[in-house]
Each structure stands twice: as C-alpha cells, then as structure tokens.
Amino acid sequence: MVEDRADVVVLGAGIVGVSTAYAARARGLSVVLIDRREPGSETSYGNAGIISSGSIAPFNNPTLWKVLPKYLTNRYAALRWNPSWAVRNAGWVARFLADMSASRFKPRAAALHGLIGASAKLHREWIVKAGAGHRLRETGWLKAWRGEATTAAKQEQALLAEYGIASELLDRQAISALEPDILPVYKVGLLHTQTASVDSPGAVVKAYARMFTGAGGEIRQAEVKAVVPDGEGWHVVLTSSAISARHVVVALGPWSADLLRPLGYRVPLAFERGYHREFKPNPARSLRRPVYDIDGGFIMTPMEQGIRVTSGVELTDRDAPSSFAQLDQVVPLARGVIEFGDAVGEPWRGSRPTLPDSLPMIGPAPRHARLWLAFGNQHIGFTTGPATGAAIAAMIGGAPPPYDVAPFAPSRYIS
C-alpha cells in the first residue's frame, strides 16, 4: 500500500482544528484534516455562538472564592460537580484552586486578552470570506442580574476598561429598551458592546472547513488510532489507512489527552461538560442578542432554529451518563424571561477541555519535534479557535505568532 504524505496533519475538526488547517494551508502547506465526524459536529456545535471580546477573566479567578460555598452545595445551576470525580482528580482540583490567587489573575487575563483580540479579528475576516457573513450579529451580548448588583457590574466594567474593552452599564429601563420583548426581570445589565455572536456555530465551523477545502486542503472522516514518530516526521494511523506527515497537530479537544498518553504525556485535562436545548421561537417575542442570566446560571441565545438555552458547568468524567438537572432547573427561568414554544430535537451535551489555569495549550510538545498541541480552550473555544490555529500555523512555518503564546506553552504542564 502506498502511504499518503502531507506537510501537516491536523487531528480534530472542531473550531480549533479547522482554523489550524486553514491557517496552515494559507501558508502554502499541504494539509490533511482528520476527524471521525464532520467538521463542527462535537463541542464546537453546542456552544452559545458568542465571539466574546470580554471573556478575559479565567473561570478560576479571585471572585470565585465568594461563591464557592454556594457551589459546594451542588444545587446551583451554574456549577454541578461529581464528588467521586473530585476525589479521583484531587490534584487537578488543587491546581485549579491555587490559580485563583490574585497574583496569578492578571497575567492570565492579559494572555487571554491577546488571544481573544487576535481571534475576534480573524473571525470577522474569515466569516465573510467563507460566505457566512449573514450569520454574524454585531449586537454585543448582555450580562444581566436579577438582584441589585451595580457594584459587581461596575467592577467588571472597570476590569474590561483596563484592557480597552468597551461596555455599557444598564438599569432596568435601559435593558427593556435594548431587549423590548423580554420581561422586566433584570435590575442591572452590562452590555459587552464589542462582542459578536452567530446564529449557528456549527454551521460557521463547516463554512470555515469548506473554505479550507476550497483552498486545496483535504478532509478525511476517519478514526485516529495512533500517531507514531517516524524519522523526522510522523506516521498517523487511521482505521483502514495511514498518512505520513512532517508535522502533526493534536486538536482533539476533550480526546486530546487520550491520544498523547502512549507518547508518555500525562495531560492534566478536565472537562467542563455543558448542555443545551433549543426551542421554537415566538415570532412576536424576539431575542436580539445572547443574554447571560448571572443569577440563574444560564445563557439564552437566538439561533437559526430558535432559542438555545445553555446550562452551566458540570464537572465530571467526560463520558459519564448525562444529567439534565441543570437544564431542568434553568429552562423554567428562561421561560420567565422570553416567551418560546416547544423543544426542538433532543437535549445536547458536550465536554469542554479545561486545564487547571484555564488557559489552552498552544505550542510544541516538549519532547517530540514537529508535534503541536492545540487544545484546552475550555468554554471560550469558539471565540479563541481561529487565533489558536493561526499561532500554530505560524510556528510550523517558522514565523512569529500574532500574539504572545508563551503563557500557553504546553511545557508548563507536561515535560
């Protein structure tokens, strides 16, 4: 059998993998993108579709200490956790909590700001080039509080302003003017004015994938069995074939650690599982932008098929049975904000790969030449995918990345 060859093989066709493949192809490299499913069919499909300029605060930031006692009760919709998982992953939990210190917050926020800024710029360029510009909404997104939370909103606004990110503080009347079809349940709002959103994140990823193939890239739908060092390159073993590659990029999201384990890497990867369900819209009651209900712990966002309600974080094993407790808790709250009809299809579940410091791995594997790691983008993967891919493609080509990638070096966790 004659083995196919490529300059770059990208494993994983989510937003990160597709972005990496396109960016590498744009540099003139021969690229094969491989996934067991069609592009944008896993975690990249099920998110809230937000391209968030302001998601610079890692999940484990100092403010989490204030609400941690509430989260530990395991009754709050924003976070549910499996006690047996926590015991088995005590090391990850300890690292996660250690990174909540104030001294570690600002360097991580600055790193995310650089990644997000570069990514948002690419999204806006690529979505038009990919023929999906009609899916983009430049209406911002609204974070809203049911109780009196002006102080909290002002603190967040001040943090955003430090990084040049615009926002508007809103009272109840201003929220009603912005979203006239929702019920007046919110007292305080913060509008992230520089944030965009899309009406189908899965369709956007597929559009980027078509842009990649249109530029001469190749997509293969196959199960990846192993990656094996082969001289100065790599041997990528698939279900019924193999490819020889000079470079391999691991962008398999929550499955990345599994592939790397045979190579001797023990990646401290956890999973922010999330759920969503979509509902038929009421044509007389439209939602104009994503709304994050802070107190309720959920997001409502207008999608192509209707209103998508996304739940908070569930910390448990990646493949544990689904638990719809968080969705069951928040859907009635969402119905109390905006009128919508019956559910469309079945509930969706996905796993967002998360490292203890809430930063992704973007860069070379420490002990293997031409092996590149691009995963761990946690719950802002859709936002940060393009610039993650662009940085990997730049490094493969020997060029400087479009932002500082040092904080994302895989060597901070694996050696």
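User: In which strand is valine 32 found?

Analyst: In this model, which is a predicted one, valine 32 lies in strand β2, the stretch made of residues 31-35.

User: What makes valine 32 count as buried?

Analyst: A residue is called buried when its relative accessible area is under 20%, and valine 32 has a relative accessibility of 4%, so valine 32 counts as buried.

User: Which residues does valine 32 touch, not counting residues up to four places away in sequence?

Analyst: With those neighbours set aside, valine 32 touches Ala6, Val8, Val9, Val10, Glu218, Arg220 and Ile243. As for leucine 11, it stands 21 residues from valine 32 in sequence, while the C-alpha atoms of the two are 8.6 Å apart in space.

User: Why are α5 and α8 called roughly perpendicular to each other?

Analyst: Two packed helices are described by the angle between their axes and by the distance between those axes. Helix α5 (residues 102-129) packs with helix α8 (residues 201-214) at an angle of about 70 degrees, and their axes are 9 Å apart. Angles of 65 to 115 degrees count as roughly perpendicular, and α5 and α8 are therefore described in that way.

User: Which residues make the contact, and how do they divide by class?

Analyst: On the α5 side the contact is made by His123, Trp126, Ile127 and Lys129, and on the α8 side by Val204, Tyr208 and Met211. Sorted by class, the residues of this contact are 5 nonpolar, 1 polar and 1 charged.

User: How do you know that α5 and α11 are roughly perpendicular to each other?

Analyst: The axes of α5 and helix α11 (residues 381-396) cross at roughly 95 degrees and come within 7 Å. Because the range for roughly perpendicular runs from 65 to 115 degrees, α5 and α11 are therefore given that description. In this contact, Leu115, Ile116, Ala118, Ser119, Leu122, His123 and Trp126 of α5 meet residues of α11, among them Phe382, Pro386 and Ala390. The contact of α5 with α11 has 9 nonpolar and 6 polar residues, and no charged residues.

User: What makes β3 and β5 the edge strands?

Analyst: The open sheet has 3 strands in the order β3-β9-β5, with antiparallel pairing, and β3 (50-51) and β5 (136-137) each pair on one side only, as edge strands do.

User: How do you know that β3 pairs with β9?

Analyst: Two strands pair if there are at least two bridges between them, and 2 bridges join β3 to strand β9 (residues 196-198), the two strands running antiparallel. Isoleucine 51 stands opposite alanine 196 in β9.

Technical notes: Residues numbered from 1 in each chain as written. Predicted model: local features only at pLDDT ≥ 70, side-chain atom pairs only at ≥ 80, totals over all residues. Heavy atoms only, no water. Axes fitted to C-alpha atoms, helices over the stretch in contact; angles between N-to-C directions. Helix = DSSP H or I, 4+ residues; strand = E, 2+ residues; numbered from the N terminus. Parallel < 35°, antiparallel > 145°, perpendicular 65-115°, else oblique. Contact = heavy atoms within 4.5 Å. Nonpolar A, V, L, I, M, F, W, Y, C, P; charged D, E, K, R; others polar. Buried < 20%, exposed > 50% of the residue type's maximum accessible area, 1.4 Å probe, protein only.
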